[in-house]
Amino acid sequence: MKKCVRQLFKYIAAIRFIPIIFFFLIFNKKKSLTEERDRWYDVIFPNRRKNFSLFIDLLNLSEYRSVLYFRFGGWSVFIRWCAKGQYALYFDSFNIDTGLVIQHGHSTRINAKFIGANCQIWHNVTIGTNKSHSGNLPTIGNNVKICAGAIVIGNIEIGDNVVIGAGCVVTKSIPQNNVVVGNPARIIKSL
């Protein structure tokens with residue numbers, strides 16, 4: 001009985017997501033939205049069955065809503081009023097491939113030339129330039145994990161399958177399949 005009541009309240013609270021679901025269905029012609037949603041399912045809810053109820057749980061995550069609004073572009077202006085995205089999560093880059101997962105994205109700024117597919121970014125991460133209004137932006141490969149508090153700045157390239165440790169400061173290019181930690185960043189392990 002308690003489970004049924006909990007489900008009922010969850011669906012009542014989900015009324016505020018109706019405009020978001022509507023826009024998702026309209027923009028779902030883009031294969032990227034479905035791929036990104038499935039990527040979030042796999043990372044955030046790894047052992048749960050994919051269904052509409054899980055999609056409502058996903059919409060309850062402000063980080064997911066922020067990424068979804070980013071994908072909607074200018075159309076998100078019409079739906080942000082019903083459910084805000086993550087506070088202090090800024091996208092200054094427009095070349096982000098599908099599968100971007102942001103966990104606890106507070107105080108995160110993303111400004112890169114390109115971010116590859118299936119990247120994960122944690123909170124308090126800075127990706128950008130070391131100079132104001134310069135074109136010195138990093139290029140980030142596929143399947144990169146950038147842990148909490150990391151800073152990736154400058155005109156550098158981060159290869160595919162790289163893990164950047166928490167609190168790491170990366171100012172030089174990192175080849176693919178490596179784990180880096182420290183300030184300044186140093187490679188500690190090859191994958």
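In strand E5 (residues 120–121), Ile-121 is the bridge partner of Ile-102. Strands E2 and E5 pair in the parallel sense over two bridges, where pairing requires that DSSP finds at least two bridges between two strands. Strands (E, at least two residues) and helices (H or I, at least four) are DSSP runs, numbered from the N terminus.

A word on the coordinates: this is a predicted model, in which local features need pLDDT of at least 70 and side-chain atom pairs count only at pLDDT 80 or more, while totals for chains, interfaces and linings use all residues. Residues are numbered from 1 along each chain as its sequence is written, and side-chain values use heavy atoms, with hydrogens and water left out.

## Two open sheets

E2 and E5 belong to an open sheet of six strands with mixed pairing, ordered E2-E5-E8-E11-E13-E14. At its edges stand E2 (101–102) and E14, each with a single partner strand, so one side of each has no neighbour in the sheet.

E13 then pairs with strand E14 (residues 186–190) in the antiparallel sense, over four bridges.

Gly-128 has Ile-153 in E9 as its bridge partner.

The bridge partners named so far are gathered here.

| Residue | Partner | Strand of partner |
|---|---|---|
| Ile-102 | Ile-121 | E5 |
| Gly-128 | Ile-153 | E9 |

Strand E4 (residues 114–115) contains Ile-115. At 1% relative accessibility, Ile-115 counts as buried; buried means under 20% relative accessible area, exposed over 50%, and partly exposed in between (1.4 Å probe, protein chains only). Ile-115 and Asn-143 are 28 residues apart in sequence, and their C-alpha atoms are 9.6 Å apart in space.

## An enclosed helix

Helix H4 (residues 52–59) is largely enclosed by the rest of the structure, because seven of its eight residues are buried. Those seven are Ser-53, Leu-54, Phe-55, Ile-56, Asp-57, Leu-58 and Leu-59. At the start of H4, a side-chain oxygen of Asn-51 comes within 2.9 Å of the backbone nitrogen of Leu-54.

Asp-57 has a relative accessible area of 14%. Its side chain makes a polar contact with the side chain of Arg-48 at 2.6 Å. A polar contact is a pair of N or O atoms within 3.5 Å; within protein, one must be able to donate a hydrogen and the other to accept it, and residues adjacent in sequence count only if both atoms are side-chain atoms.

## The largest pocket

The largest pocket has a volume of about 210 Å³. Its lining has 13 residues, and Ser-66, Tyr-69, Phe-70, Arg-80 and Phe-91 lie nearest its centre. Helix H5 (62–72) and strand E1 (89–91) are the elements that give two or more residues to this lining, and H5 provides the largest share, three residues.

For the method, a pocket is an open set of points on a 1 Å grid over the protein atoms alone, where a 1.4 Å probe fits, with protein on both sides within 12 Å along at least five of seven lines; lining residues have an atom within 4 Å of a point. Grid points are joined across faces, edges and corners, and the volume is the space filled by probe spheres set on the points.

## Cysteines

The structure holds zero disulfides, a disulfide being a pair of cysteine sulfur atoms within 2.5 Å. For Cys-119, the nearest cysteine sulfur is that of Cys-147, 12 Å away. Cys-168 also has the sulfur of Cys-147 as its nearest, at 9.2 Å. Cys-119 is buried at 2% relative accessible area, and Cys-168 is buried at 0%.
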